[in-house]
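User: Please take a close look at one part of this structure, and then connect that part to the rest of the model.

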Amino acid sequence: MPRTTSIAMVVISLLAAIPSQTWTKDIGDIEAVKQVEETMGSAMVAGDVDKLNQIYADNFATVGSDGRLYTKKDLVADFESFHDKLDWFENGPIDVQVFGDVALAQGSVKEKRSRNGKDTSGQFLWQDVLQRRAGKWVVWRSAAARVVLADSPNAQSQDPAVVAAIKKFENDLGEAMVASNIEKINQAYADDWATIASSGEKFTKEGLLEDFKSGNHKLMAFENGAMNVQVLGDVALVQTSVMEKRIQDGKDISGQFVFMDLLKKRAGQWVIVRSLATRLG
């Protein structure tokens with residue numbers, strides 16, 4: 001889809017609960033989610049605000065590359081005022097996982113776009129969390145990043161070694177949380193990392209580290225599901241589910257969660273810059 005980011009397991013526990021489901025490969029749901037993403041792009045090109053209103057949940061929110069929190073009201077206003085103008089887009093393959101009434105979608109897109117009169121065209125990787133409400137899929141959370149490709153013939157290839165390294169990175173992060181290894185957790189998250197809590201407010205790296213330092217959150221054990229990883233240039237996407245045993249403020253909040261991480265390679269190291277997640281029941 002055109003754009004305007006595995007969550008730390010501690011952040012998942014802050015997010016909204018929905019009925020527990022296992023991952024399914026229902027072709028109808030998968031195709032319906034893909035259609036939402038394509039329709040979104042076409043609506044943006046046409047400036048169809050009514051259609052965008054239908055596609056985005058009323059409590060939609062995202063954290064932009066500038067670190068600001070953007071809501072559905074902001075997104076719609078940008079298209080109504082022509083501050084944001086999408087002239088053309090081309091989606092790459094879209095990967096979708098469906099867990100009952102929740103879907104995770106991620107992919108790449110090439111865009112010709114302008115914002116406030118400035119050309120912002122380029123190639124991006126994006127992620128969406130969608131929820132089925134009143135029988136229709138709507139976008140609830142989003143994250144995206146501009147891709148910078150290395151100057152090499154293989155810059156756009158999906159290197160199995162890089163994919164394996166990112167999967168290990170995610171599992172090692174979980175182990176660091178179990179061990180309350182603050183230094184390791186600090187290294188895994190970019191200083192500008194952010195996500196959105198169920199309250200709709202932005203949650204930052206500072207708050208994440210403080211939760212572990214204070215002992216308010218304690219991850220006792222976890223088991224990640226199969227990870228879907230996409231890598232393009234200096235950006236990577238991860239989507240998966242996790243079963244965990246967790247204590248928050250002395251209360252057992254164990255359960256199943258789905259999460260998505262958006263990673264960037266900085267100074268030769270992968271770091272998480274955005275996270276999206278929700279609890280399943």
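Which residues line the second largest cavity?

Analyst: The model is predicted, so local features need pLDDT of at least 70 and side-chain atom pairs count only at pLDDT 80 or more, while totals for chains, interfaces and linings use all residues. Residues are numbered from 1 along each chain as its sequence is written, and side-chain values use heavy atoms, with hydrogens and water left out.

The second largest cavity is lined by M44, G47, F79, F82, D84, K85 and L86. Its volume is about 30 Å³. A cavity is a set of points on a 1 Å grid over the protein atoms alone where a 1.4 Å probe fits but cannot get out; a pocket is an open set with protein on both sides within 12 Å along at least five of seven lines, and lining residues have an atom within 4 Å of a point. Strand β5 (residues 84-99) supplies the largest share of the cavity lining, three residues. Strands are DSSP runs of E, at least two residues, and helices are runs of H or I, at least four. By class, four lining residues are nonpolar, one is polar and two are charged.

Two of the lining residues, M44 and L86, also belong to a nonpolar core of 27 residues, which includes A43 and V76 as well. Such a core is a set of buried Ala, Val, Leu, Ile, Met, Phe, Trp, Tyr and Cys residues joined through side-chain atoms within 4.5 Å. Buried means under 20% relative accessible area, exposed over 50%, and partly exposed in between, with a 1.4 Å probe and protein chains only. The core of 27 residues lies apart from the largest one, which has 28 residues and in which I185 and Y189 touch the most other members.

The pocket has a volume of about 300 Å³, and its lining includes F169, D172, K184, Q187 and W270. Besides α5, the elements that give two or more residues are α6 (182-188) and β17. Its lining comprises seven nonpolar, two polar and three charged residues. L280 is in strand β17 (residues 269-280) and counts as buried at 1% relative accessibility. Its C-alpha atom is 9.4 Å from that of D101, 179 residues away along the chain.

The whole structure has three aromatic pairs; rings of Phe, Tyr and Trp (its six-membered ring) pair if their centres lie within 6.5 Å, with planes under 30 degrees apart counted as stacked, over 60 as edge-to-face and the rest as tilted. In Y56 and F60 the centres are 4.7 Å apart and the planes at 65°, so the pair is edge-to-face. Y56 is buried at 3% relative accessible area, and F60 is buried at 3%. The W193 and F203 pair is also edge-to-face, because its planes meet at 85°, with centres 6.3 Å apart. That pair joins strand β10 (residues 189-196), which holds W193, to strand β11 (residues 202-204), which holds F203, ten residues apart. Both W193 and F203 are buried.

Technical notes
Grid points are joined across faces, edges and corners, and a volume is the space filled by probe spheres set on the points. Ala, Val, Leu, Ile, Met, Phe, Trp, Tyr, Cys and Pro count as nonpolar, Asp, Glu, Lys and Arg as charged, and the others, Gly among them, as polar.
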